[in-house]
Amino acid sequence: MASESWNVLVTGGAGYIGSHTVLELVQANFKVVVIDNFSNAYKEEKGTKPVSLQRVEKLVNEQITFIKCDIRNIEELQDVFKKYTFHCVLHFAALKAVGESCEKPLEYYEANVGGTLNLLKVMSDHNVKNFIYSSSATVYGTPEKLPLVEDMKTGDCTNPYGKTKYMVEEILKDLCVSNKAWSVISLRYFNPVGAHPSGQIGEDPNGIPNNLMPYIAQVAVGKRQMLYVYGNDYDTPDGTGVRDYIHIMDLAAGHVKAIIYQKTRNLTGFKAINLGTGKGYSVLEVIHAFEKASGRKIPYKIVERRPGDIATSYADASLANKKLGWQATKNIDDMCIDAWRWQQNNPNGYKYRQ
């Protein structure tokens, strides 16, 4: 495939999923421009680029074009589109913590819905109609049955974060109906974890991690005293929440496959595709797998459930295999080994190590 002929804009490309996907895109010979507002990315005081992208540049031995830009600012977006020609946009930029979204819903709607509307308007202005959306399994709400399949009902979301992802999907569907030139693939992720096998890039959450794996890793490395397990009275084998964890490198590869599919098939319209492994692991199973990978005991305490959480979620990922030729290749042990390597190499994330 002559992928070098496609220029790709990656929003939120300095974040966890974005940076790993940028690495895969560059290695697949796509021309990439990254925008990010540093809301979840660290940069050195003297630097102009996020450390995550500096590390990606070293890994791929290539310079990456980066522009500081906030999707909530439509003028900044217009400037980027005036300067560069794009064939496709990968949209990662969003606020993403379920618990925080319950506390700060307006911020989530402003960034995730308002910011996306800005982006789509500017794309329209510049006749860019290929869009890969970073969606989420949260759009399914509380599952009526499992595994979750793309044609199941969406929208009965249990938290504002999930609602923002659902709302944007509905906007994208309406856009595709109104204008047949649009081609949208909405990738519904399950639970991305792990890190690049080099240990050079990984998940570096601001403050206290909202997700399980980085919290466990910080406990293992001695940065936090104890893991809090939110509820052990769910209707699951051991009472703790069950999720479909997917290795970040498998997830990043899924985005490259999605762009290739979009480009080679001249797709139009809206298509939702799950990216997951099809297997669920409980919180306690993840703890035990991480203990095995790290050789360290993970102290934990059972506390009350969190608002907005559901008992079990895992994917039917067969559509991704059928349409994109993609499937997850890494298991929970791989995820924990790579997450632990990243955490050991970078006990304080990107902040204290170049």
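These legends describe an overview and several close-up views of one predicted protein model.

Residues are numbered from 1 along each chain as its sequence is written. Because the model is predicted, local features need pLDDT of at least 70 and side-chain atom pairs count only at pLDDT 80 or more, while totals for chains, interfaces and linings use all residues; side-chain values use heavy atoms, without hydrogens or water.

Figure 1. Helices (H or I, at least four residues) and strands (E, at least two) are DSSP runs, numbered from the N terminus. The C-alpha trace spans about 55 × 50 × 40 Å along its principal axes. Buried residues make up 55% of the 354. Buried means under 20% relative accessible area, exposed over 50%, and partly exposed in between (1.4 Å probe, protein chains only). Of the contacts between residues at least 6 apart in sequence, 80% join residues at least 24 apart. Contact means heavy atoms within 4.5 Å.

**Figure 2. The largest nonpolar core, with 47 residues.** A nonpolar core is a set of buried Ala, Val, Leu, Ile, Met, Phe, Trp, Tyr and Cys residues joined through side-chain atoms within 4.5 Å. Val10, Val22, Leu25, Leu90 and Ile259 touch the most other members. Helix H8 (residues 248-265) gives the largest share, seven residues. A second, separate core has 26 residues, including Val80, Phe86, Val89 and Leu175. In soluble globular proteins, nonpolar side chains tend to be buried together.

**Figure 3. Surroundings of Val22.** Residues up to four places away in sequence are not counted here. Val22 then touches Val10, Gly13, Val32, Val34, Leu53, Val56 and Ile64.

**Figure 4. Helix H2 (residues 51-60) and its packing partners.** Eight of its ten residues are buried, so H2 is largely enclosed by the rest of the structure. The buried set is Val51, Ser52, Leu53, Gln54, Arg55, Val56, Glu57 and Val60. These residues pack against H1, S2, strand S3 (65-68) and helix H11 (332-345). Asn61 follows H2 and has a positive phi, near 55 degrees.

**Figure 5. Gly115 in helix H5.** Gly115 is buried, at 0% relative accessible area. Leaving aside neighbours within four places in sequence, Gly115 is in contact with Ile71, Arg72 and Glu110. Asn37 lies 78 residues from Gly115 in sequence and 12 Å from it in space, C-alpha to C-alpha.

Figure 6. Most residues other than glycine have a negative phi, and most peptide bonds are trans. Asn29 has a positive phi of about 70 degrees. Asn29 is partly exposed, with a relative accessible area of 46%. Asn127 also has a positive phi, about 55 degrees. At 58% relative accessibility, Asn127 counts as exposed. The peptide bond from Leu146 to Pro147 is cis, with omega near 0 degrees.
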